Amino acid sequence: MAITGDDVALDMIVPISHDFVIVEASSPEELAVVGADTRVLVTDQELEVQLELRLPFGSHTRLFLSEVNRAWSGGSASLSQSARETMETFGTVSEALGDKKNARNAKEVCSQPPGEVPASQFEWLTKYRKSHKGPGSSRQSSGRHFSKTKKSGTMAVGNGKVRGAHEVTGDSRGEPLAGENSADNGGKVKAEVRDDLVRSSQHTVSNKAQILSMPQFGLRDNLVRCELLKNEALYTSIRNFRFFLGTYNVNGQLPKESLLPWLGCVAEPPDIYCVGFQELDLSKEAFLFNETPKEQDWMKAVTDALHPDAKYALVKLVRLVGIMMLFYVKHEHAEHITDMDAETVGTGIMGRMGNKGAVAVRFRFHNSDVCLVNSHLAAHAEEYERRNQDYRDICSRMAFRQPDPSLPPLAIMKHDVVLWVGDLNYRLYDIGAELVKNLIAEKDFQSLQEHDQLRKQMKEGAVFSGFVEGDISFQPTYKYDTGTDQWDTSEKCRVPAWCDRILWKGKHVQQLHYQSHMTLKTSDHKPVSSLLEVGIKVVNEEAYKKTFEEIVRNLDKMENECIPSVSLSCREFCFKDVKFMQHQAVTLTIHNDGQVPCQFEFIQKLDEPAYCKPWLTANPPKGFLAQGASLNIELEVFVNRSTAPELNSGREQMEDILVLHLELGKDYFISVSGAYLPSCFGSPLPALCLLRDPIQDLPLDSLRRLSVMAQDEPDAMSEEKPLEIPKEIWMMVDHLYRNGSKQEDLFQQPGLRSEFEEIRDCLDTGMPESLPGSNHSVAEALLLFLDALPEPVIPFPFYQQCLDCCSNSSQSAKVISQLPQCHRNVFGYLTAFLRELLRNSALNNLDANILATIFAGLLLRSPTKQDLAEKRKAQEFLHHFLTQDL
């Protein structure tokens, strides 16, 4: 929350006394820049404290300076001569911000006669006293360390944050800077500390335009921001920086050799390091609980191998199971990195498991937005379509928070530069292993690349549209016998392939090298590196000033001329044949036909928690339109496990009214409706047991009656002979029993989205008679079915009983015996099937722990958010039924 003059007076924060002094901290040239940040130093010599106040341009700064003036006026009788002299400086600050009133009042204060007033008592300020302890000691404030050579703090006025400033220190090994907690507890670095460097970096001239996006600024400042971004080319120039990108699948191994031949292979130290790992830990603990001690080992190995001729700071570490990325920068660039966020996306089974997926970091470097992605896509030579699906899922689901929380998240492709590394797992096709090895021996890599799946898929536009990969002049990086340079001699004898790749997207990017590093033999992969020269937009101060002044002059002319107005391409939208987990979208075009720019937002209706129903979204939900501009808004419909039950039962209809509000203008109403096709996914077990025909063959009224009967009148179900278990569960389990019991990695490898849709349609319509798709797709459909049940197989009232008796198999069996009949039947049927799978564990790579982890959260679902202890108890409960027939 912003600190303003309406909230607090300055004399409630800093004592106004004899030794109170305020001076400008910016140079006269910087103050002359209209719209620039203003920095002032507030000093109290008695308390030996000095605070630096950063005042971002805008109305809140003017309010705050009014409080400075009021506080100073109240205590002017006690001002010392030095403070009185510097009051003229305050007048200059106010005048530079366009605050003529404060500038005039400052002169009046200086003319008042001296007197005496008691000094205020503010004990908290003593925390900012300079330290007198020995080397290595420092005082803390708000959880931040202060360098012993610096006694100033930084108060960011306008975003409500008060934090200590720190010096940029550290060594070439990438140790955290002063201001971060050093590695402790046996070398562990706390997660919240890793990005402390970026959180504490100050706003600089390179992102002044971005400051105006803060939520406390209104329409006028958004207009300025928009125009600044539109005219960015007028005040920025391109400066080249070197990015070192690396990727290494370490096959679950610990670091056994120095990484210097890989990370230190360039002559000049890079400006930025992005180092990606895959298969960091292959243990079940890492897969099940996302915990691994190997994180610290590999982080230390990387830190020790960074270029020795520069000092680097670890900005961020982000990991998802075995996919990890480390992001380092040179110390001198740290202050220019802002607006950082990190996210992960799992693309394993059900789109959640993190054995496959991606981690990513986005940040603003000077005035360019950069996104770093490290991914591990689906394995096996024939699964290129699943790899394509993984890529699409990562791009669609990876969303970064913006500094303004009211703005929609940023997608990967919404950045100026995207750098993508990882084990993409694309293989060589239509070519035998011996021919591949012969071509490698002849170094005929061009002929080999004609068989490269990734190149083929990119050429067809299936993946990585707009991305570039440099020429490959090194031999395939997979698969080797661990510890050697010898190709795979195992029974599977994998065909060599370029699994490990580095690509980029964006302007002003030039690759300086792209190579593998054969000397490293820790893994069955070889690490790959690329050195890119990336053109980054850097602000020119004088050009920024001229551009800003011109924008402000033009806005002054436009203000109050007329009310904003827009025209809409359509005001009624109807979606046809909406299905469970099948995305549909239409485009609403907004055109600004008024005489002034406008700001729009979809707003909540009375007594409703959000601007739209949960099955509907508008993207973007708010925005800004320049005069004469148009914008396409995607109205998206997606029914998931949360919204399907109400739609299936008929208690909820696909009808909604969106209210589009213009700031300082009128509201527009948009009608959205849809025809939802009922599905067995999201329907309750008792109702499904009453359905002998496919659910979509049943009239809607009959379906509603059955849903009400199953939920509110379970005794009435005895009038009709129900099925022992829903036929949909039987069809999926029977298919897997006959075709998939020996399927490798069943329930661990995701299926194809297109095949799931075919399976769903088959279950809902009865056509075709047998299930389509691969075993993996049927297995994932079964998991999604269980996940979408409104009431889980073990109903919610029995949840706590199950946890309480999880260590006792007989008590666990007793709880199951008390379940409603159809729930008890389904539980027994599923656990019998899972025990059958375990009889073929040598072929399908399953064991009781893996199955308990996957199914416990589906069969025994918590009515609230489940913590780690509860998850372990649920798995222990289910484990009894997987290892014995209770």
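The model is predicted. Helix H29 covers residues 868-883, and a search of the whole structure finds 33 salt bridges.

**Helix H29**

- With 16 residues at 1.5 Å a residue, H29 should span 22 Å, and the 23 Å between its end C-alpha atoms agrees with this.
- The N-terminal end of H29 is capped by Asp867, which places a side-chain oxygen 3.2 Å from the backbone nitrogen of Ala869.
- The buried residues of H29 are Glu870, Ala874, Gln875, Phe877, Leu878, His880, Phe881 and Leu882.

**Ser812**

- Ser812 sits in helix H25, residues 809-817, and is buried because its relative accessibility is 0%.
- A polar atom of the Ser812 side chain lies 2.8 Å from the backbone oxygen of Asn808.
- Beyond its neighbours within four places in sequence, Ser812 is in contact with Cys805, Cys806, Phe877, His880 and Phe881.
- Phe877, His880 and Phe881 are among the buried residues of H29.

**Salt bridges**

- Arg386 pairs with Glu383, with the closest N and O atoms 2.2 Å apart; Arg386 is buried at 2% relative accessible area, and Glu383 is buried at 16%.
- Asp761 pairs with Lys579 at 3.3 Å between the closest N and O atoms.
- Asp761 lies in helix H22 and Lys579 in the loop between strands S22 and S23, so this pair ties together parts 182 residues apart in sequence.
- Asp761 is partly exposed, at 23% relative accessible area.
- Arg651 and Glu646 form a salt bridge with closest N and O atoms 3.3 Å apart; Arg651 is partly exposed at 43%, as is Glu646 at 35%.

Key. Residues are numbered from 1 along each chain as its sequence is written. This is a predicted model: local features need pLDDT of at least 70, side-chain atom pairs count only at pLDDT 80 or more; totals for chains, interfaces and linings use all residues. Side-chain values use heavy atoms; hydrogens and water are left out. Helices (H or I, at least four residues) and strands (E, at least two) are DSSP runs, numbered from the N terminus. The expected span of a helix is 1.5 Å times one less than its number of residues. Buried means under 20% relative accessible area, exposed over 50%, partly exposed in between (1.4 Å probe, protein chains only). A polar contact is a pair of N or O atoms within 3.5 Å; within protein, one must be able to donate a hydrogen and the other to accept it, and residues adjacent in sequence count only if both atoms are side-chain atoms. Contact means heavy atoms within 4.5 Å. A salt bridge is a side-chain nitrogen of Lys or Arg within 4 Å of a carboxyl oxygen of Asp or Glu.
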